[in-house]
Amino acid sequence: MSLNITWDEYKILSEELDDLVMIAIVDDNNIRYSRLEVREVRPLTNEQAKNRDIAEIENSAKGGPIAYADYYILNNGTLEEYKARLHEIISNIEGENR
């Protein structure tokens, strides 16, 4: 399941779910802004993307869950690289739960 959650939501989930695993997907700003500019649904200019990032940090408290993530995917590369890292994380999680 993919969620974009706030710190308050993270605290509630971590209290309610013993097996909660957080995966943060991050990329460099310039790459993220370039991708947002050309996406088909709701494209954003660089300025709009920067303003959204600032608003999410200041108003939605989304930095905390990223900082406390159990795993990270640096999504600067190709879709294949992203999928490979995700499969690596899933295998690691499955190995821990045996």
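## Close-up views of the predicted model

View 1. Ala61 is partly exposed, with a relative accessible area of 36%; buried denotes under 20% relative accessible area, exposed over 50%, and partly exposed the range in between (1.4 Å probe, protein chains only). The structure is a predicted model, in which local features need pLDDT of at least 70, side-chain atom pairs count only at pLDDT 80 or more, and totals for chains, interfaces and linings use all residues. Residues are numbered from 1 along each chain as its sequence is written, and side-chain values use heavy atoms, with hydrogens and water left out. Ala61 lies in the loop that joins H3 to helix H4 (63–67). Helices (H or I, at least four residues) and strands (E, at least two) are DSSP runs, numbered from the N terminus. The phi angle of Ala61 is near 55°, a positive value in a residue other than glycine.

**View 2. Overall arrangement of the protein.** The protein contains 5 helices and 2 strands, which follow the pattern α-β-α-α-α-β-α along the sequence. Its C-alpha trace spans about 45 × 35 × 20 Å along the principal axes. Of the 98 residues, 20% count as buried. Among contacts (heavy atoms within 4.5 Å) with a separation of 6 or more, residues 24 or more positions apart account for 57%.

**View 3. The crossing of helices H2 and H3.** The axes of H2 (residues 29–38) and H3 (residues 46–59) come within 9 Å and cross at roughly 120°. Axes are lines fitted to C-alpha atoms, for helices over the stretch in contact, and angles run from 0 to 180 degrees between N-to-C directions. H2 and H3 are therefore oblique to each other; angles under 35 degrees count as roughly parallel, over 145 as roughly antiparallel, 65 to 115 as roughly perpendicular, and the rest as oblique. The crossing of H2 past H3 is right-handed, a term for a near helix turned clockwise from the far one by less than a right angle, with anticlockwise giving left-handed. From H2, the residues Asn29, Arg32, Tyr33, Ser34, Leu36 and Glu37 meet Asn46, Ala49, Lys50, Arg52 and Asp53 of H3. By class, this contact has 3 nonpolar, 3 polar and 5 charged residues. Ala, Val, Leu, Ile, Met, Phe, Trp, Tyr, Cys and Pro count as nonpolar, Asp, Glu, Lys and Arg as charged, and the others, Gly among them, as polar.

View 4. Asp53 is placed in helix H3 and is buried, with a relative accessible area of 14%. Leaving aside residues up to four places away in sequence, Asp53 touches Asn29, Arg32 and Tyr33.

**View 5. Arg42 in the loop between H2 and H3.** Arg42 is found in the loop that links H2 with H3 and is exposed, with a relative accessible area of 60%. Phi of Arg42 is near 50°, a positive value in a residue other than glycine.

**View 6. Strand S1 and the residue that follows.** Val26 is in strand S1 (residues 23–26) and counts as partly exposed, at 28% relative accessibility. The C-alpha atoms of Val26 and Tyr72 are separated by 7.2 Å, although these residues are 46 residues apart along the chain. Excluding residues up to four places away in sequence, Val26 touches Ile66, Ile73, Leu74 and Asn75. Asp27 is in the loop between S1 and H2 and is buried, at 15% relative accessibility. With the exclusion of residues up to four places away in sequence, Asp27 touches Arg32, Arg35, Leu74, Asn75 and Asn76. Between the C-alpha atoms of Asp27 and His87, 60 residues apart along the chain, the separation is 18 Å.

**View 7. The largest nonpolar core.** This core comprises 5 residues in all, Ile5, Tyr10, Met22, Ala24 and Ala69. A nonpolar core is a set of buried Ala, Val, Leu, Ile, Met, Phe, Trp, Tyr and Cys residues joined through side-chain atoms within 4.5 Å. Ala24 touches Ile66, Ala69, Tyr71, Tyr72 and Ile73, when residues up to four places away in sequence are not counted. Ser14, in helix H1 (residues 7–16), is partly exposed, with a relative accessible area of 33%.
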